[in-house]
Structures are given as C-alpha cells and as structure tokens.
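Here is a short briefing on one protein chain. Look at the structure first, then work through the points below.

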Amino acid sequence: MDLIDIPVPGGTAEAYVARPPATPDIGALPGVLFFMDAIGLRPQIAAMCDRIASWGYVVLAPHVFHREGTVAELAPTGDLTDPAERDAFFKVALPRIGALTSDLALADIAAYVDTLRGLDGVGAGPIGVTGYCMGARLAIRAAGAHPDVVAACGGFHGGGLVTDEADSPHLALAHARAELVLGHADNDGSMPPEAVAALGEAIAAAGLHASNEVYPGAAHGYTMADTAMWDEAAAERHYVELDGLLARTL
C-alpha cells in the first residue's frame, strides 16, 4: 500500500490515493474523500478506495489518527476476523477516537479537502465524502463545514452521530447542502433507533435530500471484509447506494 504525505495543521498525515485504471484522455475527474473506520488505514481501506475509484473518481483516504502515530505503528497485528482479536484491538483503538476532538477534526478536514482538490486529475467541481464507523462523523462534519464543495455525503455503520454535546455531528447538517446516503447497522448500541430518528429530524429540518436507513441484520462494521463483522450482502448494498449517490451528484 503506497502512501503519500499531506500537510495538516502541525505536521503531516499519510494518505492513500486511488485512481481509476489508466485510460487515454480520461480528463479531470471528481474527487472523493474517504474517512476510514477506527481500525485505521490498511489494505482493506485501500481495496475499498480502489473499488470506488474504478467508478471514475480520484479517492483520497487520509490517516486521521496521524497525531497518535504512523500507519505502520497503529496497524493491527492480530487477525480481526477473530471476534476476540477484534475486541482486543478496539480496547487500544478507542482512546484514539476520543482524542480526535471536533476542533482538531475540522482543521484536518479543511486540509484534506484542499489536498484532494489539488491532486493531479481532480476537477474543479464538487466533491463527495464517505465515512465508516467513526469516519461517518467526519464525513458529516465535512459536509457541514464545506457546503459549497461537498455535494455528496455517505455514512455507513456510523456511531455517535447524535449526541447531547454542543458539537454533536448531526448539528452540522444545518449548514450542509449535500445529498446524503446513511446506512446504519442493526441493533447498534452506538446508533440506536432514537438516534437514527433524531438524525432524520435534523436532515428534514435542514431540507436535505437523504436516505437514512437501517440495514436489517447488519452488524456494526458490516463493510469491513477483514473483520468478524463483515456482512457481504450489506457491504454490497452499501456500494450500490454509494455509487448511485456519487453518480447523481458529482
């Protein structure tokens, strides 16, 4: 997995860039900003970015935990398809999520947006964002903070999208203009039915066009084929719905 270094406030962040297979005279393409899950930037994320890029996009996936260590330093070493190994890894990873405060995240997001739009082959038009697990929070924050740029926002098995805090991610939707596709995990303690309903209310209040649905039977982490939570049917549904969103808006 080849990575680039991109400038962020206070330093640099590694990132993966995916492009469509080379074709002559492909011209400028829309950009998509991909926010990883809490497990981190790894081959599974690269594979997902490559698939999205094959639809005709340039995809940037930043290492959002750059303050905590490098990609290599934070990479899981166990087999995450073993539920016990996954649970053990998350005990280490959870503090990283808490350390990425909204203020830090918003400053980073601005840098990621600028970097994506400045990549070779990325057109001057709107971009899309998509996020997974805690990355869904970042995707929604990006849509709210950059409404003139972000036209599409996907969020899948997101957690903590609605909280009682003054900086709850769902409050950012009041400033967004993007179309949203949100696919929630079923029986997800980090995104219970009342939170999904509150998210829907925020979407309606903002006048946004959106799909805000629970994927029946799909566990939190259903898109991640390198973990015990992978659900092939739900993952494929996510790709279909994300593809449609990007095609409509970019």
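Buried means under 20% relative accessible area, exposed means over 50%, and partly exposed lies in between (1.4 Å probe, protein chains only). By that rule, His157 counts as buried, at 0% relative accessibility. The model is predicted: local features need pLDDT of at least 70, side-chain atom pairs count only at pLDDT 80 or more, and totals for chains, interfaces and linings use all residues. Residues are numbered from 1 along each chain as its sequence is written, and side-chain values use heavy atoms, with hydrogens and water left out.

**Overall build**

- The protein chain holds 7 helices and 8 strands. Helices (H or I, at least four residues) and strands (E, at least two) are DSSP runs, numbered from the N terminus.
- The radius of gyration of the protein chain is 17 Å, close to the 18 Å that the globule rule gives for 250 residues, so the chain is as compact as a globular protein of that length. This radius is taken over C-alpha atoms, and the rule is 2.2 Å times the number of residues to the power 0.38.
- Along the principal axes, the C-alpha atoms fill a box of roughly 45 × 45 × 40 Å.
- Of the 250 residues in the protein chain, 52% are buried.
- Contact means heavy atoms within 4.5 Å. Among contacts with a separation of 6 or more, 75% join residues 24 or more positions apart.

**The sheet**

- An open sheet is formed by 8 strands, in the order S1-S2-S4-S3-S5-S6-S7-S8, with mixed pairing. Two strands pair if DSSP finds at least two bridges between them.
- The edge strands are S1 (4-8) and S8 (210-214), and each pairs on one side only.
- On average, neighbouring strands of this sheet are turned by 20 degrees against each other, direction ignored.
- Axes are lines fitted to C-alpha atoms, for helices over the stretch in contact, and angles run from 0 to 180 degrees between N-to-C directions.
- S1 and S2 pair in the antiparallel sense over 5 bridges. Ile6 stands opposite Ala13 in S2.
- S1 and S2 also form a hairpin with 2 residues between them. In the turn, Gly10 has a positive phi of about 85 degrees.
- S7 (residues 179-184) and S8 pair in the parallel sense over 5 bridges. Here His184 stands opposite Val214 in S8.

**Helices on the sheet**

- Helix H1 (residues 43-53) packs on the sheet and touches S2 (11-18), S3 (31-35), S4 (58-62) and S5 (127-132). The direction of H1 makes about 55 degrees with that of S2.
- H7 lies across S3, S5, S6 (150-156), S7 and S8. H7 runs at about 170 degrees to S6.

**Two residues of H7**

- His238 lies in helix H7 (residues 232-249). His238 is buried, with a relative accessible area of 0%.
- A polar atom of the His238 side chain lies 3.0 Å from the backbone oxygen of Ala235.
- Leaving aside neighbours within four places in sequence, His238 is in contact with Met48, Tyr132, Phe156, Tyr215, Tyr222 and Thr223.
- Not counting residues up to four places away in sequence, Leu246 touches Val32, Ile52, Trp55, Tyr57, Gly128 and Ala152.

**The nonpolar core**

- A nonpolar core is a set of buried Ala, Val, Leu, Ile, Met, Phe, Trp, Tyr and Cys residues joined through side-chain atoms within 4.5 Å.
- The largest such core has 85 residues. Those with the most contacts inside it are Phe34, Phe35, Ile45, Val59, Val64, Val129 and Leu173.
- Helix H5 (residues 134-145) gives the largest share of this core, 7 residues.
- Beyond four places in sequence, the contacts of Phe35 include Val64, Val129, Leu138 and Ala142.

**Two positive phi values**

- Most residues other than glycine have a negative phi.
- Cys133 has a positive phi, near 60 degrees. Cys133 lies in the loop between S5 and H5 and is buried, with a relative accessible area of 10%.
- His157 has a positive phi near 40 degrees. His157 sits in the loop between S6 and S7.

Definitions and conventions:
Polar contact = N/O pair within 3.5 Å; in protein donor to acceptor, adjacent residues only side chain to side chain.
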